[in-house]
Amino acid sequence: MKLLLAEDTQDLNRAVCAILQHEGYEVDTAFDGEEALEMLLQSGYDGVILDIMMPKRDGLSVLSEMRRRHILTPVLMLTAKAEIDDRVAGLDAGADDYLPKPFAMKELLARVRSMTRRRNEYEPAELRFADIVLYTGDMALTAGNTVRLCVKEFELLQTFLSNPDKSLSTETLLERVWRNDDGAAADTVWLYVSYLNGKLRSVGSRVRITGKRGEAFGLADGGETV
Amino acid sequence: MKDLTDQITRIRTELHYKTGIDPVEHCLYRIKSEESMREKCRREGLPETEESALQMIHDAIGVRIVCSFLSDVYTIRDRIIEIPGIAVVKEKDYIKHAKPNGYRSYHMILRTHEGYFAEIQLRTISMDTWAALEHHMKYKKTISGNIALISAELKRCADELTSTDVSMQAIRDMIFEDSEGEENV
């Protein structure tokens, strides 16, 4: 796990760097905003700890510039002032979290852990329902045979498998799976449900997604003779 | 052989006339050469006679019917078993139960009223493309590259192609669905 630490106070920079390294992180250090931005543009990091008050270029400007360049690395801001406006500006500019100075090292480490924890660490490697297994790593759907799903089919089935007892409306599915993409409509949901039912049949499963076009859909075990 | 191919052509023409779409993309016929028949007899420990050739060897005549869509495979299969004078000796649905390497096809062994056997392989275009590539791998003497990797990737492709076949079928069903069509899944 590689971090960038941008902090202009020499002692603090050194102390934080030493502790992070002790925790097993690989750490690059920058002492001003321009240096930090240069390093961000040159190499990939898993997380950035960014002081707001820095010479040459302040942390907010570094943050806005990296987000403008589509660098999505998570950012923890260090704010000296307990100014609410500062924190709001930082979060609005694309920071993931902030920590007011002075801080306890223990809290800094917890926030770094939280920042670099990937969302998919919470995702199970496989989802099961009746006779099917959906592998999240390679989007493979397995019962007797295996097929590989495309991204939207996978996300749709994953949504059903995460809510096995619920009936999900077409609107809910458009919102969760298609994130209200303009091109997606009720018929899109219907077509993808048809794809999934074809694929469930193809792998030899007795599971089906039942429901009417434009209405709510849910998982059914053996709802149809195979 | 002529009878069988004529019957298959008839089925194809009838379905094409009825639906406006030719269900068969292409069709190949082959008769095992004398040399490979003799070789097979030796391998199976059979006498190298005409009788063995006709009565014991099931794939002396081979027919491969390649369809555009999955449902066509089963439509053709249902029509083949109705051909008069034809007995179905064996059927194996490797589409429903794919082989572990990813191979998919519908196999049938038929016996004609003259008593000879024919092996029919029904598959979609994508299954056919896959089988052709897998065949190359199996029969190439020296494979440059990692065999384990190639096999795993072929299996992955088979599972992706199946997925696409099923999606294409769903799109076709949507295009041709009756106006008052079934809206229940």
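What percentage of the 226 residues of chain A count as buried? It is 32%, where buried means that 20 or more other C-beta atoms, placed from the backbone, lie within 10 Å of the residue's own.

Before I go on, some ground rules. This is a predicted model, in which local features need pLDDT of at least 70 and side-chain atom pairs count only at pLDDT 80 or more, while totals for chains, interfaces and linings use all residues. Residues are numbered from 1 along each chain as its sequence is written, and chains are lettered from A and ligands numbered from 1 in the order in which they are written.

Chain A, then. It has 8 helices and 11 strands; these are DSSP runs numbered from the N terminus, helices being H or I of at least four residues and strands E of at least two. The radius of gyration of chain A is 24 Å, well over the 17 Å from the globule rule for 226 residues, so the chain is more spread out than a compact globule. That radius is taken over C-alpha atoms, and the rule is 2.2 Å times the number of residues to the power 0.38. Along the principal axes, the C-alpha atoms of chain A fill a box of roughly 70 × 35 × 30 Å.

The domains of chain A are domain 1 (2-117) and domain 2 (126-221), with bounds from an automatic or database domain assignment. Their C-alpha centres lie 40 Å apart.

One helix in chain A to look at is α1, residues 10-22. Its 13 residues reach 18 Å from first C-alpha to last, close to the 18 Å expected at 1.5 Å a residue; the expected span is 1.5 Å times one less than the number of residues. Just after α1(A), A:Gly24 has a positive phi of about 100°.

Now chain B. Here we have 6 helices and 5 strands, in the order α-β-α-α-β-α-β-β-β-α-α from the N terminus. Of its 185 residues, 26% count as buried. Its C-alpha box is roughly 60 × 50 × 20 Å along the principal axes.

Chain B is assigned domain 1 (2-125) and domain 2 (129-176), and 21 Å separate their C-alpha centres. Between them, 10 residues of domain 1 of chain B are in contact with 14 residues of domain 2 of chain B, contact meaning C-beta atoms, placed from the backbone, within 7 Å.

Next, the two chains together. How many residues of chain B are in contact with chain A? There are 16, and they meet 22 residues of chain A. The chain B side divides into 5 nonpolar, 6 polar and 5 charged residues. Nonpolar here is Ala, Val, Leu, Ile, Met, Phe, Trp, Tyr, Cys and Pro; charged is Asp, Glu, Lys and Arg; the others, Gly among them, are polar.

Last, the cores. A nonpolar core is a set of buried Ala, Val, Leu, Ile, Met, Phe, Trp, Tyr and Cys residues joined through C-beta atoms within 7 Å. The largest has 53 residues, and A:Leu196, B:Ile65, B:Cys67 and B:Ile120 touch the most other members. Helix α8 of chain A, residues 186-202, gives the most to this core, with 7 residues. Apart from it lies another core, of 26 residues, including A:Leu20, A:Val48, A:Ile52 and A:Ala95.

Notes:
Buried ≥ 20, exposed ≤ 12 C-beta atoms within 10 Å, placed from the backbone. Contact = placed C-beta atoms within 7 Å.
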